[in-house]
Amino acid sequence: FENALPTHSELQVYEQVANVLDRAPEILDEMFRYGSSSDEIRHAISNPNNAELQREAYHSVCQNVDKLRIFYHFSMELEAVVPALLSALCAGPMTPKEHLETQQALTKQFAEILQFTLKFDELKMMNPSMQNDFSYYRRTVSRMRLPSGDRSLTENPNNVNEEVLSAEEANLLSLFFAEANPMLKKLSEVTTRFVTMHKDLPIEQTTECLSTMADVCRCMLEKPEYLQRFRLPDTVMFCLRVMVGVIILYDHVHPVGAFSRRAAIDMRATIKLIQQHESSNVDSLLNPLRYTTKHLNDESTPKSIKTLLEIPSPH
C-alpha cells in the first residue's frame, strides 16, 4: 500500500488527482511557515496618525491574504477532483472491499487527501492570526473604499502584487477560514454532494467504502504483526488521520451517522485506540470528531461515546 502504483484502469483518474495532490506538500509547508502580521497591525492600531505604520501593516497583511487566497483556491481544486475519485472507488459492480483491494493506488490517493485535510486543519487551528490578519485586511479595504478613504495605503515601494480581492471572493475566504476545520468541512460537503447527486449509486456503496477504510486502518494499528510491516515512521499517524477522516465523512453521509449502535464502525474501539496513541497530536485527532461530525449530539449516540470524547451532558 505504501508503494502502490496505478493499474491501467486507474491511470486516468490517478493522473487527474495527482495533478492537484502533488502540490499538497507545498501548501502544508506554506501553512507551517505562515508569518503573522500581528505586530504590524498592533503598531498601526496604536498609532492611527502614523501613515508609514498604516502602510506597513497593510502591505504585510496583503502578502498574507495572497497566501490565504492560494490556500482557498487549492481547496477548490481538491473539491473538483474528489468526485471522480469517489466514483472510481464506490461504483458497482465491485463491492467496496474489492475496490480497495484492486485499486490500491486510488485508495492511497484518497487516504493522502484525508491526511492532507487533517494536517491542514491542525496547522490552521494552531494559527489564529490567519483570521485576525484577514479581518484587519477587510476593515482596511472597507475604509479605503469610503469617499474619505486613504488611498495612499496602496502606494507600494516594493512593487509587490497587492490586488484587492472582490467583495465576493473576500466573503468566500472569510467563510472558509471562519470554520474550525475548513478543509474537512469542504471535504464533507463534497462527499455529501456526491452521494446526493448520484441517485443511481446506492448510498451503501459509499458508506461501506468509508467504513471499510476505517476498519482497515484500525486493524493495522491494533495488530502488532501489521505495525511491524510499516516501513515509514509516519505511517502510524497517517493511518490515524485517515481513520478519523473517513469516519467524519461516513458520519456526514450515512443516515444514522457513525456514532449510532447501528453504524458499521466500532467507535468505542476507535476512540480508545486514538487515546492510547503516545503523541501530543491526540487532541488534533479527537477534536475533529468532537466538532466536525454531524451526529455526535444525536440522542442515538451512546452516553459512553460522549463520555470518551468528553462531551458534557445537556442540563
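One cavity of 30 Å³ or more was counted in this predicted model, a cavity being a set of points on a 1 Å grid over the protein atoms alone where a 1.4 Å probe fits but cannot get out. Local features need pLDDT of at least 70 and side-chain atom pairs count only at pLDDT 80 or more, while totals for chains, interfaces and linings use all residues. Residues are numbered from 1 along each chain as its sequence is written, and side-chain values use heavy atoms, with hydrogens and water left out.

The largest cavity has a volume of about 50 Å³, where volume is the space filled by probe spheres set on the grid points, joined across faces, edges and corners. Its lining (residues with an atom within 4 Å of a point) consists of Ser 75, Leu 78, Glu 79, Val 82, Ile 113, Thr 117, Met 183, Lys 186, Leu 187 and Val 190. Two or more of the lining residues come from each of α4 (51–90), α6 (104–125) and α9 (182–197); helices here are DSSP runs of H or I with at least four residues, numbered from the N terminus. By class, six lining residues are nonpolar, two polar and two charged, with Ala, Val, Leu, Ile, Met, Phe, Trp, Tyr, Cys and Pro taken as nonpolar, Asp, Glu, Lys and Arg as charged, and the others, Gly among them, as polar.

Glu 79, one of these lining residues, also takes part in a salt bridge with Arg 193, at 2.4 Å from N to O. This pair links distant parts of the chain, for Arg 193 lies in helix α9 and Glu 79 in helix α4, 114 residues apart. Glu 79 is buried at 17% relative accessibility, whereas Arg 193 is partly exposed at 36%; buried means under 20% relative accessible area, exposed over 50% and partly exposed in between, with a 1.4 Å probe and protein chains only.

In total, 16 salt bridges were counted, each a side-chain nitrogen of Lys or Arg within 4 Å of a carboxyl oxygen of Asp or Glu. Helix α9 also holds Lys 185 and Glu 189, which are four residues apart and thus separated by about one helical turn. Their closest N and O atoms are 3.3 Å apart in a salt bridge. Both are partly exposed, Lys 185 at 31% and Glu 189 at 34%. Elsewhere, Asp 29, Glu 30 and Arg 33 form a network of salt bridges. Within it, Glu 30 and Arg 33 approach to 3.0 Å between the closest N and O atoms, with relative accessible areas of 24% for Glu 30 and 49% for Arg 33.

Leu 309 touches Phe 259, Ile 271, Leu 286, Leu 289, Arg 290 and Leu 296, not counting residues up to four places away in sequence; contact means heavy atoms within 4.5 Å. Leu 286, Leu 289 and Arg 290 are among the buried residues of α14. This helix (residues 282–291) is mostly covered, with seven of its 10 residues buried, and those buried residues pack against α6, α9, α12 (235–253) and α13 (267–276).

Conventions
On a 1 Å grid over the protein atoms alone, a cavity is a set of points where a 1.4 Å probe fits but cannot get out, and a pocket is an open set with protein on both sides within 12 Å along at least five of seven lines; lining residues have an atom within 4 Å of a point.
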